[in-house]
There are 2 protein chains.
Amino acid sequence: MLYVVGLGLSDETDITVKGLEAVKNSERIYLEAYTSILTVGKEKLEDYYGKPVVVADREMVESESDVILANADKVDVSFLVVGDPYGATTHTDLVIRARELGIPVQVIHNASIMNAVGACGLQLYNFGQTISIVFFTDTWRPDSFYDRIRENKDLGLHTLCLLDIKVKEQSIENMARGRKIYEPPRYMTVNQAVEQLLEIEDNRKEGVCGTNRLAIGCARIGTMTQQIVAGTLAELEQVDFGGPLHSLVLIGDRMHEMEAQFIRDYAVNPVTFDTIVKDHYHL
Amino acid sequence: MLYVVGLGLSDETDITVKGLEAVKNSERIYLEAYTSILTVGKEKLEDYYGKPVVVADREMVESESDVILANADKVDVSFLVVGDPYGATTHTDLVIRARELGIPVQVIHNASIMNAVGACGLQLYNFGQTISIVFFTDTWRPDSFYDRIRENKDLGLHTLCLLDIKVKEQSIENMARGRKIYEPPRYMTVNQAVEQLLEIEDNRKEGVCGTNRLAIGCARIGTMTQQIVAGTLAELEQVDFGGPLHSLVLIGDRMHEMEAQFIRDYAVNPVTFDTIVKDHYHL
């Protein structure tokens, strides 16, 4: 059996009892470590499970899935995913591959940012499509998500923006020379995301995400150091959100009164917040 | 401390280790039992926790929240929610009330249908807003969610339809006579949801959810008896999905190839499925 086990959002104790049992019964344990992170590392998980854990990078999961799946029709193998197993395309691929090989699969769900973002006070059914914001480079500044945000905005819906994570990336020089030397991991901050959004707005000028748009910056959702701050994009650009992971929610025009009431506690500046809620949202 | 603990989707072992610890340390434990259900009842949970559990109905949570919160500034109280705590408005209310009373709150997240629906093979970021379909009555046949589905459809997005649950409802006669006699619980099936959608389409005729629209019926997601069936609405109306809970996903036009590949395994009729995927989705 292949168990695909969601680990939730924070530390080793966010696994479900069912998930922990599967892991403890598994002969091999892999940890997917490139689409998200916990607040604890591999060693802590190994201590907790009393078993070795193999860190699986993107290359391994995408190109060597048969190594992970070897023998899984006879013994139990656990593939651990931060958040919920169906949060990233790459895990779906693994499940498809397992099916092709006739390996039974059991998915053990857990919280992910896709539902835990409800902690910011906005109702999940008022969210439109989720978008991902990737790090701009000097030569690559993609802005297609701007159209997605506009689609949500036109309907009055909130937008959850997932922020880029770069782990085990090579510099162009090291890649060219075939040196397996990796850059330190990078996690996009709310500030960087806002900066990029404002740059795109500056180019496109369609009024989708200007400096006065109300949003909520979220950091380390589901952990003990969770931080939620509401404000205009201009305000949030200045807030220190601390360590990863960050995400950003753009508030849609259909925000209702209870949502506003809940969020007000998180306002970086209650005066600005109240003014915008009154003038723009008419609440 | 008020712990608001998500129980996940299936049975008593879907609680997280962190959640279980909070429950075991709590002086009082309440189970919200009207927005969703587990496959196990209160007694099983009591056995598992080694503690009594008080079932909290809508009236108690909405009108007597201070009973639940009593003393929670001094002792630990757990409020258990099937799925994730932020899945329903009513739990947000409780958190707001606790804040007003100066009671510290810790939310322990878990899987909910909002993220676990990824199990059907559609990518979560391709979903638009989530809608709820309520039971039609002879005199009340609301169809405002039709407009929400159309909004998603116009953008090519999938729509998750949550299906109505009626627990502890009184008949009009019993209500009129003030008799606290309750009807048996009712859980909307995929079949009933499809029937209602087709009726609305028949009235509105905007081509939003006709008999040929491709959809996925989901039953008991996250449990051992999970059932996922893809087909046209006409086909799904005829499928037996067994016991609750059910939900329905309408597939949007932006479905991409990997999604179609994953879902094909669930097709009630692969021939119809392939034809529509080719002719309508051009995949």
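The model is predicted, so to speak, with a few ground rules: local features need pLDDT of at least 70, side-chain atom pairs count only at pLDDT 80 or more, and totals for chains, interfaces and linings use all residues. Residues are numbered from 1 along each chain as its sequence is written, chains are lettered from A and ligands numbered from 1 in the order in which they are written, and side-chain values use heavy atoms, with hydrogens and water left out.

The two chains first. Superposing chain A on chain B takes a rotation of 180 degrees with 0.0 Å of shift along the axis, and the RMSD comes out at 0.0 Å (least squares on the C-alpha atoms of residues with pLDDT of at least 70 in both copies). That is the relation of a two-fold axis. The contact (heavy atoms within 4.5 Å) draws 49 residues from chain A and 49 residues from chain B. Of the interface residues of chain A, 100% are also interface residues in chain B, so the copies meet through the same surface. About 4,300 Å² is buried between the two chains, 56% of it on carbon and sulfur atoms; buried area here is the accessible area (1.4 Å probe) that two parts lose on being put together, summed over both.

Which helices of chain A each supply at least two residues of the side that touches chain B? They are helix 1 (17-24), helix 5 (89-100), helix 6 (113-116), helix 7 (145-154) and helix 11 (257-264). Helix 5 of chain A gives the largest share, 7 residues. By residue class, that side of chain A splits into 21 nonpolar, 17 polar and 11 charged. The classes work like this: Ala, Val, Leu, Ile, Met, Phe, Trp, Tyr, Cys and Pro are nonpolar, Asp, Glu, Lys and Arg are charged, and the others, Gly among them, are polar. Helices (H or I, at least four residues) and strands (E, at least two) are DSSP runs, numbered from the N terminus. A polar contact is a pair of N or O atoms within 3.5 Å; within protein, one must be able to donate a hydrogen and the other to accept it, and residues adjacent in sequence count only if both atoms are side-chain atoms.

Now the charged pairs. Side chains of opposite charge can pair when their charged atoms come close. With a salt bridge taken as a side-chain nitrogen of Lys or Arg within 4 Å of a carboxyl oxygen of Asp or Glu, the count over all chains is 42, and the count between chain A and chain B is 8. One pair to look at is A:K18 with B:D14, at 3.1 Å from N to O. A:K18 sits in helix 1 of chain A and B:D14 in the loop between strand 1 (2-6) and helix 1 (17-24) of chain B, so the pair joins two chains. A:K18 is buried at 16% relative accessibility, and B:D14 is buried at 7% (buried is under 20% relative accessible area, exposed over 50%, partly exposed in between; 1.4 Å probe, protein chains only).

Other salt bridges stay inside one chain. A:R58 pairs with A:E62 at 3.4 Å, N to O, and both lie in helix 3 (residues 58-63) of chain A, 4 residues apart, about one turn of the helix. A:R58 is partly exposed at 44%, and A:E62 is partly exposed at 45%. In chain B, the closest N and O atoms of B:E151 and B:R148 are 3.1 Å apart in a salt bridge. These two are 3 residues apart in helix 7 (residues 145-154), about one helical turn. B:E151 is buried at 14%, whereas B:R148 is partly exposed at 26%. In chain A, a network of salt bridges links A:D143, A:D147, A:R150, A:R204 and A:E206.

Finally, the loop residues. B:N126 lies between helix 6 (113-116) and strand 6 (131-133) of chain B. Is B:N126 buried or exposed? With 8% relative accessibility, B:N126 is buried. Its side chain makes a polar contact of 3.2 Å with that of B:E259. Beyond residues up to four places away in sequence, B:N126 touches B:L157, B:H158, B:H256 and B:E259. B:T35, in the loop between strand 2 (28-32) and helix 2 (42-49) of chain B, is partly exposed at 30%. The side chains of B:T35 and B:E32 make a polar contact of 2.6 Å.
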